[in-house]
Amino acid sequence: MNQKEQVRQFIESNLIVFEDEADLKDDDNIFQLGYVNSLFAMKLLNYIESEFNVKIETDEMDIKNFSSINNIIALLDRKLGVTE
Amino acid sequence: MSETVAQTISSAEEAAFQIDRVRQFVDKEIRPYTSEFDKEQLIPETLIKKLANNGYLAGNFPKVYGGLELGPLDYGRLTEEIGRVSPAVRSVLTVHCSLVGESLLRWGNTEQKEKFLPGMASGDTLAAFALSEPSVGSDARNVETSYTKADKGYLINGKKKWITMGARADLLLVIASCEDQVSAFLVDSNTEGIKRSQIMDLMAGRAAYTAEIEFDNVFVPENHLLGNEGGGFTYIVNTALDHGRYSIAWAGLAVAQEALHAMVKYARKRKQFGTGIYNHQLVQEMISNAVVNVEAARALCTKAATLREEQHEDATIQTTIAKQFASKIANSVANDALQVHGANGFSAEFIVEQLYREAKVFEVIEGSTQILQQVIARHGLTRFHK
C-alpha cells in the first residue's frame, strides 16, 4: 500500500459520515466538509508522526498541511525529501 | 533469574516505592490539614514548596527539566494519591503539570522549554491554563479574549473566568483570538494590565485559587507565542484538554476510591438496631456498587495509561471514556458514602462532606459529561458500524 492509500484508509476509518459510499476526493478539505471533529486534528498528527516516523515541527503545524489527502502527501514528500 | 525478569521486578519495586513515598507524604503533609485548606481557601506556600521538593510539581516532566519522568500510569497514580485527600492540591497537578506542562513539552520551542520548565519543576513558577470566559465554556473555539499584533509582540484584551490556580499562578497559558485565528500565549501573571481576583466560597475547589482575570492591553513578547499563530485551538487547546481529561479521570477515580474507604470504615464502626450497619443489605448494596464502579474506573484509567504509553491512536478516545466514566462514578460513590454516614456526612469532620462537594466539578471541567458523550457516541458510530 502506498502512502496515499495508507493516509486515505486512515482518514476514511475516522470519517463521521453515515453514507457507506462517501466519496472522499484527494483535494477535499476534510475539516471544512465537517467529515471529522476537532479532536481528529491531533489524532491525524499523531498518526502521521508515528506511521511515517517524522516529527512535525511547530512551523508546519498549519491546519492547511493536514486538510486534504493531497496536502498531507505533499507535506510528507517535503519531510521525507521526495522529489517529483 | 533472567536479566529481563530482574529488571522488571526492579522497576516494579521502584514504582511501588515511589507510590509508598507519595502515600507517606500525603498522610503527613496533606491529610491532616485538608479541611483547613478548604476553610481558609488556600494552599500553604510551604506545602507548594514541599510538593516541588519531592518532584510532584514535575512528575511528568523529563529529568532534564527537573522532573521525575514518570510514565502515564505512574503519573496517574501520583494524581490519584494526592487527589484522594485534597482535590484542591491535586488540581495544582492538573493545571500546572498536565494542561500547561504537557502543552509546553509538546509545542514549546527549545528556548521556551528551557525558560519555563525548570522553574515550574522547582515550584518557583506555578502555571495555570486560561481558556474559559464568562460567556465561553464548552464552545472553546469562540473565545472572546482578543489579541492584536504590536511592535515585537502582541496585546491581549479580555476577561477569563473560572481559571483554576489563576489567582496564585505566576505563568498563564492564555488562549486568545484575532479575527478567525486562535492562538496561545505564555503570559507572566505580573505583567502590567492584568487584574486577578479569586472567586470565593465556591462549592468545589475552594482552595484552588479559582479566579477571574482581566487583561487590559497586556503586552506579550513575540517569543511567548506557544506554537504558531492560529494553532491555538486545534493543537494547543486539544493537547491541553486531552492531558487535562487524563488527569481528571484519575481525579475522579481518586475521589471514588477515598469515598469507598470512608464508606466501609464508617459502615464497620457504626451500630444501629443493635448491629453494625454493614450487616444491613441495603448498605451492602451501596458498598457493592462502589466496589464495582471503582474497579471499573481503575480499569479504564489503566487502559488509557497503557494506550498513552504506546502513543496509540485510540489513546485520546480511551482517555475521554475513562474521564466520562470516572467523573460520573465519583459522584455516585461519594453520594452513597455520604448516605452511609447519615447526618455525620454533612460535617467537615468527615471527609465525605468534601468529597461529595468536589465530585460534581469533574462532570463539568475538561469537557462536560454531555460534550464527552457526544464525542464518545461519534467514536462508536464510526468504529462499530461493520
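Predicted model: local features only at pLDDT ≥ 70, side-chain atom pairs only at ≥ 80, totals over all residues.
In chain B, helix α5 (residues 87-107) packs against helix α7 (residues 232-269) at an angle of about 150°, and the two axes are 9 Å apart. Because angles over 145 degrees count as roughly antiparallel, α5(B) is roughly antiparallel to α7(B). The crossing of these two helices is right-handed. The α5(B) side of the contact includes Pro87(B), Arg90(B), Leu99(B), Arg106(B) and Trp107(B), while the α7(B) side includes Tyr235(B), Ile236(B), His243(B), Ile248(B) and Val255(B).

Two of the α5(B) contact residues, Arg106(B) and Trp107(B), also form a charge-ring arrangement: the charged end of Arg106(B) sits over the ring of Trp107(B). In one of them, Tyr147(B) and Tyr154(B) are edge-to-face, because their planes stand at 80° with the ring centres 5.7 Å apart. Both of these tyrosines are buried. In chain A, Phe10(A), Phe40(A), Tyr47(A) and Phe52(A) form one aromatic cluster.

| Contact | Distance to or between ring centres |
|---|---|
| Tyr147(B) and Tyr154(B) | 5.7 Å |
| Arg106(B) and Trp107(B) | 4.2 Å |

Val64(B) lies in the loop between α3 (45-53) and α4 (72-85) of chain B. Is this residue buried or exposed? Val64(B) counts as exposed because its relative accessibility is 70%. Val64(B) and Gln281(B) are separated by 217 residues in sequence, and their C-alpha atoms are 54 Å apart in space.

Definitions and conventions
Residues numbered from 1 in each chain as written. Chains lettered and ligands numbered in written order. Heavy atoms only, no water. Helix = DSSP H or I, 4+ residues; strand = E, 2+ residues; numbered from the N terminus. Buried < 20%, exposed > 50% of the residue type's maximum accessible area, 1.4 Å probe, protein only. Phe/Tyr/Trp six-rings, centres within 6.5 Å; stacked < 30°, edge-to-face > 60°. Lys NZ or Arg CZ within 6 Å of the ring centre and 35° of its normal. Axes fitted to C-alpha atoms, helices over the stretch in contact; angles between N-to-C directions. Parallel < 35°, antiparallel > 145°, perpendicular 65-115°, else oblique. Left-handed = near helix turned anticlockwise from the far one by under 90°. Contact = heavy atoms within 4.5 Å.
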